[in-house]
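Have the sequence and the 3D view open as you read.

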Amino acid sequence: MKLYDSGSHLTKNDFKKIERELDLSLPSDYKEFMLEVNGGTPEEDLIFRFTDVVTKKVNSSDLRELFVFYFDSEKSENSFDDIIRIYNSMVAEKLIPPFFLPIGDDSGGNPICINLSNDDYGAILFCDHELENTDTGFLVASRIANNFTEFSKGLYPISLED
């Protein structure tokens with residue numbers, strides 16, 4: 001996947017700081033990807049499929065952007081694609097549990113998250129911003145993939161959409 005508007009190059013030490021700040025441990029496949037590109041916007045329109053937990057039907061959406069880790073506080077505060085800013089905001093608004101990390105979104109503004117809980121560690125989830133779980137109040141989340149590698153390999157160009 002080719003991306004543009006990526007963030008500054010990250011190091012392994014940067015990830016130590018990120019994980020300390022978030023108090024979360026990130027999956028190695030996601031860290032390896034971010035070490036290469038640090039988020040960005042896909043050069044071509046990409047689609048992914050998932051089974052909607054509400055309708056139990058296969059659905060699809062697009063990947064608008066993968067969020068970026070910033071270390072320049074001024075850039076971070078003014079950026080709509082800063083992972084840490086988005087995470088803190090979504091957790092404070094009780095849209096996601098604190099063990100979900102928003103890593104991107106679709107063109108409708110639905111977050112794509114990594115589950116960092118022990119139960120489903122590394123799973124990639126589509127969070128529907130129009131539906132909330134009546135038990136928790138969090139956005140309804142449907143599994144896209146078991147891990148980031150599976151997610152990235154499952155992306156395909158919109159031109160192949162049937």
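A patch is made of residues with over 30% relative accessible area and no salt bridge, where like charges are joined within 9 Å and nonpolar side chains (Val, Leu, Ile, Met, Phe, Trp, Tyr) within 5 Å. A salt bridge here is a side-chain nitrogen of Lys or Arg within 4 Å of a carboxyl oxygen of Asp or Glu. Accessible areas come from the Shrake-Rupley method with a 1.4 Å probe, and for residues only the protein chains shown count as cover.

This is a predicted model, in which local features need pLDDT of at least 70, side-chain atom pairs count only at pLDDT 80 or more, and totals for chains, interfaces and linings use all residues. Residues are numbered from 1 along each chain as its sequence is written, and side-chain values use heavy atoms, leaving out hydrogens and water.

On the surface, V53, V54 and L131 make up a nonpolar patch with about 220 Å² of accessible area together. V54 sits in the loop between β3 (46-51) and β4 (58-63); helices (H or I, at least four residues) and strands (E, at least two) are DSSP runs, numbered from the N terminus.

| Residue | Relative accessible area | State |
|---|---|---|
| C113 | 0% | buried |
| C127 | 0% | buried |

Conventions: Buried means under 20% relative accessible area, exposed over 50%, partly exposed in between (1.4 Å probe, protein chains only).
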